Every structure is written in C-alpha cells, then in structure tokens.
Amino acid sequence: MKDIIKSYANKQFPVYQEIAQNIHAKPEVSNYEFYACEVLSEQLKKEGFDVKVNVAGHRTGFDARYTSSKPGPVIAFLAEYDALQGIGHACGHNIFGATSLLAAASLKQVIDDIGGEIRVYGTPGEEGGENGSAKGSFVREGFLKDVDAALCVHPGYKHTLSGPSLANDPVDVEFFGRASHAAAQPEHGINALDAVLNVYSSINALREHLPSDVRIHGIITHGGDAPNVVPEYASARFYLRALTRPTLNDVYTKFENIVKAAALATGCTYKFGLFQNSVDNTVVTPLFDALYERNLIENGETLSNEESALVGGSSDVGNISQVVPVIQPTISISDTPITPHAIDFMAASISPRGIASIELGATLLAQTAFDLITNPDLLNEIKEQHQLNVLAQD
C-alpha cells in the first residue's frame, strides 16, 4: 500500500507542480489568497473530496474531507498558501499547500482499505496580516476536536525534524492625546507620541528582567503629522514572543501595564490588544517525528543534524500542536543555504529542486499518515507522549 501511495504521488506530481508554479506567480497575502484558495479547493474536488470554502471565519480558508466506509482515525493535512508582503513566496508556501494536497490525495488511494478519514485544512495567513494566523481560528472553532493527528512539511535548506517555535502575541498600541501648536501653545497639547516613546523606553528597561527566551520587537506605525503640531494620535505595533504560552501570558500582562503607565504619565487615553490571532508555541512529539524520519530514510533521503530554521520564529502550527500531535519537519529545496523571507528563498521556491520536493514531501506525509492509521498502538503512544509534553509546559 505504501507503494500505491508513492506511485500515485509520482503520477499526479505534474498537476501539483503546475499548481505550485501558478501560486508562486500570483502571490497573495493574508485574507486575500483568493486565487490560491480557488485553485487548491477545486483540485481537492477533482480528487474526490467534499470541500467547503469560507470556514472558521476566514474567507480564503477551506475544509476538505474524505471519509472511508471503515472506521478509523481522523488525519488532517495542513495547507498554507499565503505570501509575504512585498517579496512574494519567500517562505515557500506555494510548495507547502501543493504538498499537503498531494499527500492527502495519495493517502486517499488506500484509505478505503485501511479505514479512517482524511481532511485537508486550508489555513490562510500563516505569515500574519489581516485576519492572520488562521490555525488559531480552526482550533477555536472546534475543527480539531475530533482529529487524531495533523501533518505538514515546510520547505527549507535541509531535511530536518520538527523543532520548537515561539508563542507570539501580535499587538497594536494606540494613544490619543490633544493637538495644539507645538511652539505657541504647547501647554494645551497632550503628546501621544511621547506616550509611544515611553513605551519603548520602558520595554528596554523591562528586558533586563525577562527570561532569555522572550523577544519583544516593534515599530512605530504613526508618530504625528507635522513638527509644529503636538501629535494627538500615535501608534505602534509589537510582536511579543516567548518559548511557552504561560511565559508569554505573563509578558503580555507586564507589557499592558507599561502601556497603562505611559498613558497615565502623559495624560493620553489608549487602546491595546491583539490585531490578529495569537500564535502558540509548538509542542514537539518526538515519537511522531521518529515515524516521519523512518519513512524519510526508507525513501533514500538523509536527515540533517541541523535544527529547523523555524526555531526562533513563530508558526500557527503551534496552535494545532497544543491540542493534537503534529509534525512540521522541513524538506530540502536547495543545495545551498537559504534564508527564510529573503530573495534566495523565493528563488528556491520556484527552482526545479524546490518544485520536485512536492512529490517527495507528499509521499513522506502520506506514508507517515498510513503508519498512524495501521498501527493503533503507536498512534496511542504518540497521543500519550503529546499530552505529557503539553502538560509539561505548565
């Protein structure tokens, strides 16, 4: 049956190659992945899946399902297809989405014999942005409540296993003051920009007293309109990150207190909160990755001993990992080192090696899912290890 899976991935690869190339040529950011959503969801219909678009509060999200006549586990493949603002597919999500779909379609060739259900969740905006980090919505809306395990593979420099990623709270800070002539009557003004600058100064003081895994970084998105007018409105946007959700929740509270203090010190009023879904840290399940590694080796590939390039960043796959076992290894798309979110990564995502990774990635994911379905004891061990690792965060 694994040979059937591999053969189908090989047979259908040209179809998904074209899909990945077309998505790369038409990059779309979060909440605007209209072309990618349509192409991917229509292909799943051709493969025999029941597909719903506009799900979990995301107009470019989709939910595709195929249920066999035999009972069995529910396996979800996660599809990403958004691009980065200004630089396009410099994280390889044109490959990511096509790979997950081909994996699901290949597993479908044997699912009626082994039992179970296959799902593909199309999750927009992994890179953030308008209504970004959709996997958090899928968790919140209950799409994972009956899923046994989830799989995806991310393009990268070398073959690596899943690694930890940081929890991330993307927040907006806004201050509202009062305008006045900055030279003639400054005493009548309330300077909203001063409040933003106070936030920056206080954050730098706070860093000394934060755990080493915490990252706080941001930009001023509005600082005023003219030098001779006291700014009545100023705003900033920050990412708050930490290795675990409990740590980040504490950082969030401290950050909000800084915002309150800046407002009090300057006389401003303020707004503060998330501008998109929060992102949770990734809980790694080593038994699950070991199963993927076995299939990688059986397909003639070599695992790198390097950490995934995603370590130190954030991914909403973390939200999925908080509720079900998940893997997100990286698959090699380049013979030379490449930097995520940079021009060289974008080029690798459309290179012959990059596009060829779709067939390999789909085969590995589908064969790993096959092992989960056909080995209930191993699946239970993986679920137990996952639960222990989730609890260990606290």
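This is a predicted model: local features need pLDDT of at least 70, side-chain atom pairs count only at pLDDT 80 or more; totals for chains, interfaces and linings use all residues.
Me: In which order do the strands of the six-stranded sheet stand?
Reply: The sheet is open and its pairing is mixed. Strand 1 (50-55) and strand 11 (326-327) each have a single partner strand, so one side of each lacks a neighbour in the sheet. The order is 1-2-4-3-5-11.

Me: Which residue of strand 2 stands opposite valine 55?
Reply: Strand 1 and strand 2 (residues 58-67) pair in the antiparallel sense, over five bridges. Opposite valine 55 stands histidine 58.

Me: At what angle does helix 10 run to strand 3?
Reply: Helix 10 lies across strand 3 (74-79), strand 5 (149-151) and strand 11. Axes are lines fitted to C-alpha atoms, for helices over the stretch in contact, and angles between N-to-C directions run from 0 to 180 degrees. The angle to strand 3 is about 160°.

Me: How far apart are the end C-alpha atoms of helix 1?
Reply: Helix 1 covers residues 2-25, which is 24 residues. The expected span is 1.5 Å times one less than the number of residues.

Me: Where does helix 1 kink?
Reply: The bend at a residue is the angle between axes fitted to the seven residues ending there and the seven starting there. The kink is about 50° and comes shortly before proline 14. It lies at phenylalanine 13.

Me: Is histidine 24 buried or exposed?
Reply: Histidine 24 belongs to helix 1. It touches His89, Asn94, Met346, Ser349 and Ile350, leaving out residues up to four places away in sequence; contact means heavy atoms within 4.5 Å. Buried means under 20% relative accessible area, exposed over 50%, and partly exposed in between (1.4 Å probe, protein chains only). At 14%, histidine 24 is buried.

Me: Which backbone nitrogen lies 3.1 Å from a polar atom of the histidine 159 side chain?
Reply: Histidine 159 sits in the loop between strand 6 (154-156) and strand 7 (167-176). Its relative accessible area is 6%, so it is buried. Its contacts include Leu296, Glu301 and Ser332. The nitrogen belongs to serine 332.

Me: Which strands stand at the edges of the four-stranded sheet?
Reply: This open sheet has the order 8-9-7-10 and antiparallel pairing. Two strands each have a single partner strand, so one side of each is left without a neighbour: strand 8 (215-222) and strand 10 (269-274).

Me: What is the bridge partner of phenylalanine 176 in strand 10?
Reply: Strand 7 and strand 10 pair over six bridges in the antiparallel sense. The partner of phenylalanine 176 is threonine 269.

Me: At what angle does helix 6 run to strand 7?
Reply: Helix 6 (residues 245-266) lies across strand 7, strand 8, strand 9 and strand 10. Its angle to strand 7 is about 10°.

How values were computed: Residues are numbered from 1 along each chain as its sequence is written. Side-chain values use heavy atoms; hydrogens and water are left out. Two strands pair if DSSP finds at least two bridges between them. A polar contact is a pair of N or O atoms within 3.5 Å; within protein, one must be able to donate a hydrogen and the other to accept it, and residues adjacent in sequence count only if both atoms are side-chain atoms.
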